[in-house]
Amino acid sequence: MDNTVEQANQGYMVDWLKVRVEVDHNPEELNSAIRFDAIKTSNGYGEPMKSYKEMWITEPSYSNKLKVKSTKDGTLLIDGNLGKWLTGHNITGNSDVIALVYKTVMKLAEISEHITPTQQQLDAIQKGYFKIHVIDVNKAILFENKDKALKYLERLKLHASYARFDKVVKPNGIYFGYDSQRKTFKYYHKGIEVDINKKYQHKTDELQALANRMIRCELRLKWRELNDNNLLNGFNWTPEIVKQLIDDAHSRLRMPKQINFPEDLPSKYIRFITCFKAGSLEGYTTSTIDRMRRDLIRLYGIDLRDLSF
């Protein structure tokens, strides 16, 4: 197994970044937002090519495009999936925020005559002197095979909940805090996402096989959340912070206990289910029926609409 896949088994990475860096550049060339596209070739991804086409405001997370723009205060705004832009894929990645930003600035300087960081500015970036506006951190939850990964995702869709956040279910995942101005938490199957958007990924068969076994657990932190938690500066971030944040978010997910049915189920619920299946709930009040339904889903992951048990 190569080093890339070994890194994935550690599970943690930074997916999307919107950062502001102090870098010398030509604002007249950049103020309409130059887009740097990683161009796919027969041998993988070639040198990024720049385009002066106007970009949409937000891009899907599977994009391999990078938005670079000069701001009014003279700084450079970089917005995109830095790891994917550098390597051609984000099935595996890097949890070192400072290293990602530094490598990206160095690559931009290499391919664009309009971006010319000084050594002092590069040294400052390596020390974490840049601002973060948005960041996605995630970890891979790996299963034995694709089928088990998809079953876990389906269980999340049916039974998972999260404190103070409503759940939004999509075909390939679920979101908590979908419209939040502070943070969004989501789970999705990486293999399906890669397959649907394969033109944006440069992958090997081994990486695809890894993605098929992977449920991606991802946390997006926006400016308000970063500001309140003293995480706006690059030097506040380490791989350990990335791990801590995503592990903490995942630990707050609410899931019912997995049980052996019916032997692990309390007798009152067995009686209720038996009556429900027989269509004879006359002995139960409406409020009791509603409470029993909620308890079965919340505590044991049993949905009475699924009569396959």
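Predicted model: local features only at pLDDT ≥ 70, side-chain atom pairs only at ≥ 80, totals over all residues.
Helix α11 comprises twelve residues, 267–278. The distance from its first C-alpha to its last is 17 Å, close to the 16 Å expected at 1.5 Å a residue. Three residues of α11 are buried, namely Tyr 269, Phe 272 and Ile 273. These residues lie on the same side of α11, because they cover an arc of only 95° around the axis. Just after α11, Gly 279 adopts a positive phi of about 75°.

The partner of the buried residues of α11 is α12, which spans residues 286–300. Two packed helices are described by the angle between their axes and the distance between the axes. For α11 and α12, the angle is about 115° and the axes are 11 Å apart. The crossing of α11 past α12 is left-handed. On the α11 side, the contact is formed by Lys 268, Tyr 269, Phe 272, Ile 273 and Phe 276. These meet Ile 289, Met 292, Arg 293, Asp 295, Leu 296, Leu 299 and Tyr 300 in α12. By residue class, the contact of α11 with α12 contains nine nonpolar residues and three charged ones, with no polar residues.

Ile 270 also belongs to helix α11. When residues up to four places away in sequence are not counted, Ile 270 touches Pro 262 and Leu 265.

Burial was also examined in helix α8, residues 205–212. Its buried residues are Leu 207, Gln 208, Leu 210 and Ala 211. Seen down the axis of α8, these fall within an arc of 160°, so they line one face of the helix.

Leaving aside neighbours within four places in sequence, the contacts of Asn 236 are Asn 230, Leu 231 and Ile 241.

Technical notes
Residues numbered from 1 in each chain as written. Heavy atoms only, no water. Helix = DSSP H or I, 4+ residues; strand = E, 2+ residues; numbered from the N terminus. Expected span 1.5 Å × (residues − 1). Buried < 20%, exposed > 50% of the residue type's maximum accessible area, 1.4 Å probe, protein only. Arc of directions from axis to C-beta. Contact = heavy atoms within 4.5 Å. Axes fitted to C-alpha atoms, helices over the stretch in contact; angles between N-to-C directions. Left-handed = near helix turned anticlockwise from the far one by under 90°. Nonpolar A, V, L, I, M, F, W, Y, C, P; charged D, E, K, R; others polar.
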